[in-house]
Each structure stands twice: as structure tokens, then as C-alpha cells.
Amino acid sequence: MSINTRSSDSLYSALPTEVDGFNDLAELALDLRWSWNHATDDIWKQLNPELWALTHNPWGLLQTVSRDKIQKVTADPAFRKRIDALLQQKRQAAESPAWFQQSYPGSALNTVAYFSMEFMLSDALPIYSGGLGNVAGDQLKAASDLGVPVIGVGLLYQQGYFRQLIDMEGNQQAVYPYNDPGQLPISPLRHANGEWLRLKLNLPGHPIWLRAWKVQVGRTKLYLLDSNDTANYPPFRAITSELYGGSAEMRLMQELVLGIGGWRLLSALGIEPEVCHLNEGHAAFAILERAREFMEKTGQPFATALAATRVGNVFTTHTAVEAGFDRFSADLIKHWLGEYATTELGISTAELLALGRQPQAELADDFNMAYLAIHGSGAVNGVSALHGKVSRQLLAPLFPRWPIDEVPIGHVTNGVHTPSWDSAAADDLWTKACGKERWLGTTETLCKSIRDVSDEDLWHFRTDASHKFVEYVREHLSQQLVASGTSPRTAAEAQHLFDPNVLTLGFARRFATYKRPNLLLHNPARLQRLLTNPERPVQLIIAGKAHPADEDGQALIKQWIEYIRQPQIRQHAIFLSDYDMFLAEHLVAGVDVWLNTPQRPWEASGTSGMKVLVNGGINLSELDGWWAEAYSPDIGWALGDGKEHGNDPAWDAIEAEALYDLLEQQVIPEFYDRDDKGTPVAWTRRMRESMARLTPQFSTNRVVREYTEQRYLPAAEAFRLRSQDNGKLAGQIADWQQTLSHCWQGLFVDGMTVKQEGDQYLFSANVLLNGLAPKDVKVELYANAVDGSSTLRQSMDCVHIPDDPMRAHLYRSVVPASQPLTEYTLRVFPFSDDVSIPLEVNHIYWEH
Ligand SMILES: *Cc1c(COP(=O)(O)O)cnc(C)c1O
């Protein structure tokens with residue numbers, strides 16, 4: 001199929017494409033590279049400074065600026081020269097070999113399809129809510145920087161996530177501006193003859209028609225699907241209306257569109273990814289469609305197709321609570337996918353449901369998308385070391401009787417796309433110290449270079465940032481006050497709030513109760529004393545949205561608004577409404593300290609605190625998520641004792657007091673303790689260490705390299721092996737799985753004997769393999785770790801194979817007699833070099 005993606009394609013034909021130079025501007029405007037590489041900013045400013053400041057959307061701007069203006073500007077030879085140079089730069093950047101091409105020349109990894117429900121790339125493309133979209137967007141950008149061949153797949157929402165207004169009473173109002181696709185920096189995917197590329201999903205009742213769009217993100221592309229097609233049964237046009245809105249059924253339909261529609265779109269474009277990365281379980285239906293396509297190509301049954309394709313799927317889980325998993329009733333799944341399962345996949349609805357359930361499921365159990373993702377992936381990970389551990393506990397039901405530490409879930413700690421989150425001044429500072437190319441390859445040496453920046457330069461950089469920030473806050477607040485009905489006079493007073501010389505604490509995140517956005521309000525009088533201390537005052541900036549259905553979260557917002565509206569507080573605390581990417585950029589560049597107060601371990605990773613690193617902000621956070629592994633006493637401050645306390649109000653009270661103490665006794669004095677040049681020496685030292693050690697480590701540059709080397713490359717290789725020869729190896733694996741299921745019930749150990757010889761134990765065991773061969777299993781001695789020692793897992797050797805495979809095999813092993821005999825047990829589980837255990841085969845037998 002030949003697909004036309006001319007960059008100047010638009011929904012509307014009235015673009016001044018005949019104006020000489022317009023198409024070049026369009027090419028620049030449609031590449032989201034401008035959103036982190038600010039080289040083109042002055043172009044858009046020149047066309048319309050007000051609109052640029054307001055929207056940061058060059059494509060929308062190009063369509064709003066008059067034809068005369070464009071004609072006039074492009075007629076200027078200097079301007080033309082600048083455009084040509086930028087285009088040249090952009091094309092060169094797209095073609096020159098990057099880190100991936102240099103490190104893995106001729107790699108068999110050609111395409112990673114990255115599925116996500118949301119992508120946070122730019123405010124010009126509001127199809128995100130928060131953290132999850134942030135991770136997805138930043139990973140696409142870093143893939144572009146590093147040349148990793150990633151293609152994003154997502155949904156184009158007509159409204160996206162809600163925008164927040166705070167009304168006169170301090171209530172959050174949710175509003176839904178329309179995402180006019182013609183104004184977004186995206187282009188429709190069309191066939192060569194101009195016809196729109198449309199996909200038809202045959203689902204029960206009515207088919208769903210999908211339209212497809214392309215977003216250029218530097219070297220990488222993001223494809224988006226939407227259902228707002230006039231051929232659809234009218235309610236179906238709304239499937240892609242809202243992000244995280246609507247009923248369970250609506251969500252299920254979105255996920256069908258994303259997973260099944262997304263995979264079909266790639267297929268329609270002739271793209272055959274070796275690796276499919278599921279960013280959260282929302283897109284897990286892609287597993288089914290990928291297997292279906294394999295069946296169609298090879299004629300193999302579903303079990304073989306799943307064995308072939310699952311090793312090419314990588315699943316990242318993002319939630320730290322059971323309730324965070326997406327689930328649907330069995331009835332909904334049967335209704336929407338029953339026929340797809342039986343006619344397309346050739347499996348029963350019971351088999352389909354089993355893919356989304358734990359092994360000992362009840363008939364009424366829901367279908368869990370994370371379970372489907374695990375049943376259909378070759379690698380699974382959480383998003384921080386602590387979250388990996390929590391996920392092993394949450395997902396242990398899928399691996400019954402396996403020790404928690406062997407539940408096959410690892411972690412890749414999140415990072416942020418540093419070039420997207422550094423301020424222009426931070427970019428200058430780092431460029432001087434570490435060079436322009438610093439985020440395009442490995443980053444291991446950056447640490448040393450940034451350490452060489454002097455105290456004075458660092459502090460000067462921070463004070464500049466504070467001045468800019470205070471200006472921004474005043475401006476933003478006065479606009480917000482006008483919008484919420486405040487009198488122009490009161491709104492004008494906002495121009496005098498805050499002071500650039502005062503210590504600024506920032507707190508911005510989703511207002512969900514586990515994040516404890518009101519922890520600082522625990523003792524309002526004590527907070528007031530901290531804020532208004534005449535010698536060492538503090539100012540506090542807060543932002544965040546609560547989901548429109550989350551009344552508790554909205555009550556927390558109101559609590560802050562009411563606190564802030566008191567005359568004695570007003571000067572020192574500000575709530576900025578409508579927390580979005582643009583606001584976040586200003587916050588992370590401007591604050592001195594970033595606060596984070598979740599209840600451990602429910603912040604899976606958190607990323608906002610990482611955004612302040614490059615800008616010289618310092619973290620004060622609960623020891624949760626990324627901070628649990630990043631923290632050391634010389635780079636920031638830690639809250640909590642590193643243990644879990646659930647949502648115990650007594651513990652919250654203790655932590656609130658600890659937070660005030662920390663601020664009062666450490667943070668505030670360190671900030672105001674100056675040398676004779678006015679530099680806070682200890683503060684600057686801390687800031688330098690935080691910048692040097694944490695910025696590279698918690699950048700998506702490191703994350704994408706880790707995913708590439710530890711997940712994508714092995715997944716691509718495993719997929720190649722299993723799928724070649726029409727899925728021969730996959731077929732063998734599927735047969736083996738079947739044999740194991742058949743034989744496992746009858747496997748048992750018929751007696752184990754132990755002899756002590758000196759300081760050794762000699763174990764022997766008669767194992768009845770019930771038709772399996774010794775090569776199919778591993779027989780192990782197992783002893784739990786006791787104080788300080790590690791768990792013993794020692795393989796036993798098969799020393800006698802009976803003539804009749806149904807009789808006992810004799811296994812032996814010798815271990816040091818370091819523990820009492822009662823500590824030892826024996827276990828048997830399947831073994832194969834080609835199969836990941838227990839991810840793909842979870843049988844295990846324990847001799848107790
Ligand atoms: C970074 C960011 C987030 C995610 O931050 P958390 O640390 O996970 O709370 C959410 N929303 C916006 C607008 C962001 O910029």
C-alpha cells in the first residue's frame with residue numbers, strides 16, 4: 001500500500017501552499033522536534049509573538065497568521081536563509097547515524113512498536129493526562145535522540161483530558177476544549193490517491209471505522225487513531241472523545257481500538273515490528289491481534305502463534321496498587337471479543353478469559369489487562385527498583401507457589417527527557433560544561449564536567465531562574481484570577497506576590513489521596529509560621545488536577561485554596577490552575593525544592609522530581625519510587641523511614657511533623673546560610689551533587705538505552721528464532737507446554753533421604769516424572785535464606801534413568817551442612833534453554 005504523508009497535507013485546503021517557502025515552514029512546524037530543540041522558536045515568534053507565547057503550536061500558528069504576513073516574512077532573504085539552514089539541520093539530524101546505529105550496526109532490530117494510551121509530547125498536542133503519558137512522550141523523544149527505531153501508537157482524543165478552572169468558591173471546574181485536528185501538529189494518513197487511510201474493525205453490532213494520523217517526533221513517528229469518522233454508528237464516534245472518561249464499556253472499546261486497531265494500522269502501513277512495547281496494560285489486546293496476524297501468515301494455531309510472538313512483547317506495568325489494574329467483567333469481554341476469539345483466534349471464550357485471569361480463577365472473576373499482558377509477553381518490568389518489588393507481590397497470583405523473589409518481573413527505573421525539561425539557561429550552562437551533543441549518546445562522563453562549574457556560576461544561574469520564575473508566576477496567576485471572576489484590581493495585586501530572593505518550595509502533581517497533597521497542611525499554624533518567618537521566609541507554589549470523578553481529590557484542592565486565600569498567607573503561597581506540560585516546565589525550572597509526599601510504596605516511580613535535577617532544583621521526597629534508589633544525604637532530603645505504613649493517619653501525622661522539622665532545621669537554614677559573596681555554600685554543594693550524579697542517571701537517555709539493550713534486542717532475537725521456519729520452534733514450545741500441563745499433575749517425589757558425611761549433607765531423591773524426561777525439568781534443593789546468607793538453590797543431578805520412563809528417576813546432590821536439615825526442601829519445575837520460566841510455564845512442585 002502506498003501511503004501519502006506529504007507534510008503540508010491538511011484537513012483544510014485553504015493553506016497558502018502556493019506561497020513560496022510555506023511548505024518549508026510547514027515541514028518545520030509538523031516536526032515536534034521544535035518542542036524540545038528550541039532552534040525554531042524565533043521563527044514562530046517572528047510570525048506572531050502573542051500566539052506563539054499562548055499556544056506553542058507552530059502548526060496552529062501557521063494556519064492563523066494571515067497569508068500576507070507569511071508572504072512578507074518569507075520574502076525576506078535572511079529569513080529564507082534561516083529556514084533553509086534549519087531544514088538542512090533537521091534532515092541531517094534525521095539521517096546521520098546515532099547511538100543505536102553506531103553501537104549496533106546491522107542490528108536485526110528494525111522496529112519497536114510502542115503502544116500507550118497517552119503521549120505527552122507538547123502542549124500543542126493535548127492527548128495526555130500525566131505521568132504515564134510523560135513516560136511515553138519522553139521515551140519517544142529519547143528514542144529519536146538515540147536513533148532507536150521506535151514507532152509510537154496511540155489515540156487521538158477529540159477532547160483529551162479535562163482542563164482545570166478554579167472558580168470563585170475554590171472548586172475545581174472541569175472543561176473540555178475541542179482538539180481541532182486541523183490545528184494540531186499532525187497529518188492525516190492518506191493513500192497515494194488522496195483517499196484517507198481508514199481501518200474497519202469488525203466488532204459485534206456495528207463495525208468501527210478508524211482514521212489514522214501521523215505525528216513526526218524528530219526521527220521517530222507516532223501514529224494515532226481516532227473513531228470520529230462519519231461512517232460510524234454515531235455513539236462510536238465518541239470512543240476516542242475523552243481520555244480516562246466514560247464507562248467501563250467505553251474504556252474497553254478504546255482499548256480495542258488501541259490494541260487491535262493499532263496493530264492493524266501498522267500492518268496496513270507495511271510495518272512489521274519485531275518488538276511490541278506495551279506501556280501499561282491498556283494496549284494488551286495488541287497481543288491477540290499480533291498472534292492472529294501470525295496465524296494468518298503461517299497457518300499455525302493460536303498456541304503456536306502466541307509462543308512465537310509473545311517473546312517479542314515487552315510489558316511495563318506502572319501501578320503500585322491492585323486497584324490500578326484495568327479490568328473488565330467477563331460478560332463485557334465475551335460480548336466484545338467472544339466471536340473474535342472463536343472465529344479469528346480459534347480458541348474458546350473460556351480460553352480467552354483464562355488469558356486475563358489468574359490460574360485458579362473463579363467463574364465470576366474479571367478480565368485483568370495486566371494479566372493478559374503478562375500471559376502474552378516475554379519480559380515484564382516495573383518502573384523503579386521498589387516498584388519492581390511491589391509488582392512481584394501484586395502479580396504473584398499468576399505464579400502460584402513460586403517464591404516472591406522469583407516472580408519474573410524486573411524493573412527499568414523511569415527517567416525524563418532532559419532536553420525537554422531544561423530551561424534555556426540550564427541548556428546554556430550544561431552546553432558550556434558538557435557540550436551540545438551531551439544527550440545523544442552515553443552520558444557516563446557528564447557527571448565530571450558539570451562538577452567543574454564554580455559555586456558562583458551555579459548560584460548565579462539559580463538566582464536568575466528565581467527571578468524569571470516569579471515573573472511567570474505573577475503573570476499566570478493574574479490571568480487565572482481574571483478567569484475565575486476576580487476583580488481586575490485584585491488580579492493586578494498578583495503582580496506583587498512572591499519574592500525572587502525567598503526560598504521557593506514546589507508541589508505539583510495529581511491530587512490523589514495517596515499522594516498526600518495536603519500533608520503540609522496537617523498543622524496549618526506551623527506551616528504559617530514557616531512561611532511568614534520574617535528572617536527566613538518561605539514561599540510555596542502548588543498545582544495539580546484531581547480526576548473529575550475523584551471528590552476526595554477535589555476536596556484537597558479546595559482545602560489549599562481556602563488556606564491560601566487567607567490574607568496572612570496570600571503573599572507566600574500560590575495555587576496555579578490547570579497543571580499541564582507548559583506549567584510543569586516553568587515550575588521545574590524555577591523552584592528551589594521539589595516536594596513529594598506519597599504514601600510509600602504507592603508512587604510507582606514519579607518523574608516530576610527528576611525534572612528539577614537538570615535545573616538545579618533539589619528534591620525533598622518520601623523514600624518512594626525513584627527517590628528510594630536515588631537518595632543519599634548529600635544530594636537531597638528524605639522523608640519517612642523507608643518502610644510501608646499503609647494509610648495510617650497516625651503515621652501521616654508523624655511524617656507531617658517530620659516534614660516541618662526537616663524544613664525548619666535543615667532546608668531553610670542551609671538556603672539562607674550565605675558566605676560573604678552571598679552564596680549559600682552548602683546548598684550549592686548539594687545542588688551540584690544532585691545535578692552531577694542524578695541528572696544523567698534519571699534521564700530517558702539511560703532508560704531507552706536500558707530498554708534497548710536489556711529488552712528490545714533480546715526480544716527481537718528471540719522473536720526471530722521462534723518465528724523462523726514458519727514458527728517451528730514456537731510449535732515445539734507450544735507442544736512442550738501442552739505435554740507439561742498433561743504430565744505435571746502426576747509428577748511427585750517418592751521419598752528423599754539424607755546422609756550427613758562430615759560437614760556435608762548428601763541428598764538423594766526418587767522423582768517420578770510421569771512421562772517427562774530429565775531434560776524437561778530441574779530438580780533443586782532449596783533452603784530459605786537465614787540471617788545474612790542467601791537462598792540456597794542447588795541443582796540435583798539425575799544419576800539413574802529408569803528403563804521405564806514412568807518409574808522413579810534418582811537424583812543426588814551434596815551441600816555444605818551449614819543449616820539444620822529441617823531448612824531444606826526439594827522442588828521440581830520445568831526447564832528449557834528456550835523458554836522463560838516461570839513466565840511462560842509456571843508449574844512447580846514442592847516436596848514438603
Ligand atoms: C511530570 C508530570 C507529571 C508526572 O509527575 P509525577 O511525578 O508522576 O507526579 C504529571 N503531569 C505533568 C503535567 C507533568 O509534567
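## Overall fold

The protein is built with 29 helices and 30 strands; helices here are DSSP runs of H or I with at least four residues, strands are runs of E with at least two, and both are numbered from the N terminus. Its radius of gyration, taken over C-alpha atoms, is 29 Å, close to the 29 Å that the globule rule gives for 848 residues, so the protein is as compact as a globular protein of that length. That rule is 2.2 Å times the number of residues to the power 0.38. Along the principal axes, the C-alpha atoms fill a box of roughly 95 × 70 × 50 Å.

Before going further, please keep in mind that this is a predicted model, where local features need pLDDT of at least 70, side-chain atom pairs count only at pLDDT 80 or more, and totals for chains, interfaces and linings use all residues. Residues are numbered from 1 along each chain as its sequence is written, and side-chain values use heavy atoms, with hydrogens and water left out.

## Burial, surface and charge

Of the 848 residues, 59% count as buried, where buried means under 20% relative accessible area, exposed means over 50%, and partly exposed is in between (1.4 Å probe, protein chains only).

As for charge, the mean positions of the 75 positive and 103 negative charges are 3 Å apart. Lys and Arg count as positive and Asp and Glu as negative, while His and the chain ends are not counted; each charge is placed at NZ of Lys, CZ of Arg, CG of Asp or CD of Glu.

Strand 11 (residues 275-279) is mostly covered, with five of its five residues buried. Val275, His277 and Asn279 point one way, Cys276 and Leu278 the other way, and all are buried.

Strand 11 has parallel pairings to look at, where two strands pair if DSSP finds at least two bridges between them. Strand 2 (residues 112-116) runs parallel to strand 11 and is joined to it by five bridges, with tyrosine 114 partnered by histidine 277. Strand 12 (residues 313-316) also pairs with strand 11 in the parallel sense, over four bridges, and here asparagine 279 has threonine 316 as its bridge partner.

## Backbone details in the loops

Arginine 600 and proline 601 are joined by a cis peptide bond with omega of about 5 degrees, and proline 601 sits in the loop between strand 20 (593-596) and helix 25 (608-611). Another cis peptide bond joins isoleucine 837 and proline 838, with omega of about 10 degrees; proline 838 is in the loop between strand 29 (824-830) and strand 30 (845-847).

Tyrosine 244, although not a glycine, has a positive phi of about 55 degrees. It lies in the loop between strand 10 (220-226) and helix 9 (248-268) and counts as buried at 16% relative accessibility. Arginine 401 is not a glycine either, and its phi is positive at about 70 degrees. This arginine 401 is in the loop between helix 15 (385-394) and strand 16 (410-411), and is exposed at 53% relative accessible area.

## Tryptophan 602

Tryptophan 602 belongs to the loop between strand 20 and helix 25 and is partly exposed, at 23% relative accessible area. Leaving aside residues up to four places away in sequence, tryptophan 602 touches Ala320, Val321, Tyr514, Asp624, Gly646 and Asn647. Tryptophan 627 is 25 residues away from tryptophan 602 in sequence and 12 Å away in space, C-alpha to C-alpha.

How values were computed: Contact = heavy atoms within 4.5 Å.
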